[in-house]
Amino acid sequence: MEKLVLEPYAAQAARWPAAGRHILAQFDAETLVVYQAYRPSIARHAALHQRLGGPEFSFGRMSWIKPNFLWMMYRSGWGTKPDQEAVLAIRLRRAGFDAILAAAVPSSFVPELYPDQEAWNRDLKRSDVRLQWDPDHHPSGAPVERRAIQLGLRGAALRRFAEEWTVGVEDISELVAEQREALRGRGTSGLVIPREEVYWPAEAEGARRVGLERWAGGEERGR
């Protein structure tokens, strides 16, 4: 798998949008990286076979992916929470990620997207992708005004994610541990994390489904 491109946090924070619903991700012309955290045994199997699976991984439950590294760090406690000690960087085909966005249904009713709750409930029942926007977080854990996306996959969407759209899996637990200690010792001045930019899906429907906001401070590079 292609290795992650790293960059100091301070340089990235200076160019990211400060507020709004934006997808921050590392991507190139063909692929995009998402993160998940598991117990070490699941992560070892995924890294060895370059896809999720094995006796301890369940395709019968919802699995959440996050394209934003710092959001994954907040949720996993920088790889210290039980059963989240091993962090995976999973490289997907961009077409697959865009398909996930286009199928996403918010976990709660959004009047801007649905005429009524009945229409939302119908969409919720037939979709295998859940959408949540939550406050993004500073490396220290403090919330910021910008929102971070996470997407829950189940059923056919989870199978396609693991078996069709994944092109590589990298266990980045060592990087996470190193940067956790750097943050503890020197704060954000010494923090180096995966380079991320604002992502915009190729199809307008994906952007509409998840409620992406245009960013006046720069051009979305996904287009």
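Analyst: Before we dig in, contact here means heavy atoms within 4.5 Å. This is a predicted model, with local features needing pLDDT of at least 70 and side-chain atom pairs counting only at pLDDT 80 or more, while totals for chains, interfaces and linings use all residues. Residues are numbered from 1 along each chain as its sequence is written, and side-chain values use heavy atoms, leaving out hydrogens and water.

User: Great, thanks! How many helices and strands does the protein have?

Analyst: Eight helices and 12 strands. They are DSSP runs numbered from the N terminus, H or I over at least four residues for helices and E over at least two for strands.

User: And why does it count as compact as a globular protein of that length?

Analyst: Its radius of gyration is 17 Å, close to the 17 Å that the globule rule gives for 223 residues, so the protein is as compact as a globular protein of that length. The radius is taken over C-alpha atoms, and the rule is 2.2 Å times the number of residues to the power 0.38.

User: What box do the C-alpha atoms fill?

Analyst: Roughly 50 × 45 × 30 Å, taken along the principal axes.

User: How much of the protein is buried?

Analyst: Buried residues are 50% of the 223. The cut-offs are under 20% relative accessible area for buried, over 50% for exposed, and partly exposed in between, with a 1.4 Å probe and protein chains only.

User: What share of the contacts joins residues at least 24 apart?

Analyst: Counting contacts between residues at least 6 apart in sequence, 75% join residues at least 24 apart.

User: Let's talk cores. Which residues have the most contacts inside the largest nonpolar core?

Analyst: That core has 38 residues, and I23, L52, F97, L151 and F161 have the most contacts inside it. Helix α6 (residues 155–165) gives this core its largest share, five residues. A nonpolar core is a set of buried Ala, Val, Leu, Ile, Met, Phe, Trp, Tyr and Cys residues joined through side-chain atoms within 4.5 Å.

User: Which residues are in contact with L151?

Analyst: Setting aside neighbours within four places in sequence, L151 is in contact with S63, W64, I65, F97, I100, L101, A104, V129, R130 and L131. There is also a second, separate core of 21 residues, which includes W16, M73, I172 and I193.

User: Switching to backbone geometry: what is the phi of W78?

Analyst: About 55°, a positive value although W78 is not a glycine. W78 sits in the loop between α3 (69–76) and β6 (86–93).

User: Is W78 buried or exposed?

Analyst: W78 is buried, at 8% relative accessible area. D83 also lies in the loop between α3 and β6, and its phi is near 65°, positive in a residue other than glycine. D83 is partly exposed, with a relative accessible area of 43%.

User: What separates Q26 and V110?

Analyst: Their C-alpha atoms are 28 Å apart, and the residues are 84 apart along the chain. Q26 is in the loop between β3 (23–25) and β4 (31–38), and it is buried with a relative accessible area of 7%.

User: What is Q26 in contact with?

Analyst: Leaving out neighbours within four places in sequence, the partners of Q26 are K3, L4, V5, L32, V33, R91, P194, R195 and E196.

User: Last one: where does E118 lie?

Analyst: E118 is in helix α5 (residues 117–126) and is exposed, at 54% relative accessible area. The C-alpha atoms of E118 and L153 are separated by 22 Å, with 35 residues along the chain from one to the other.
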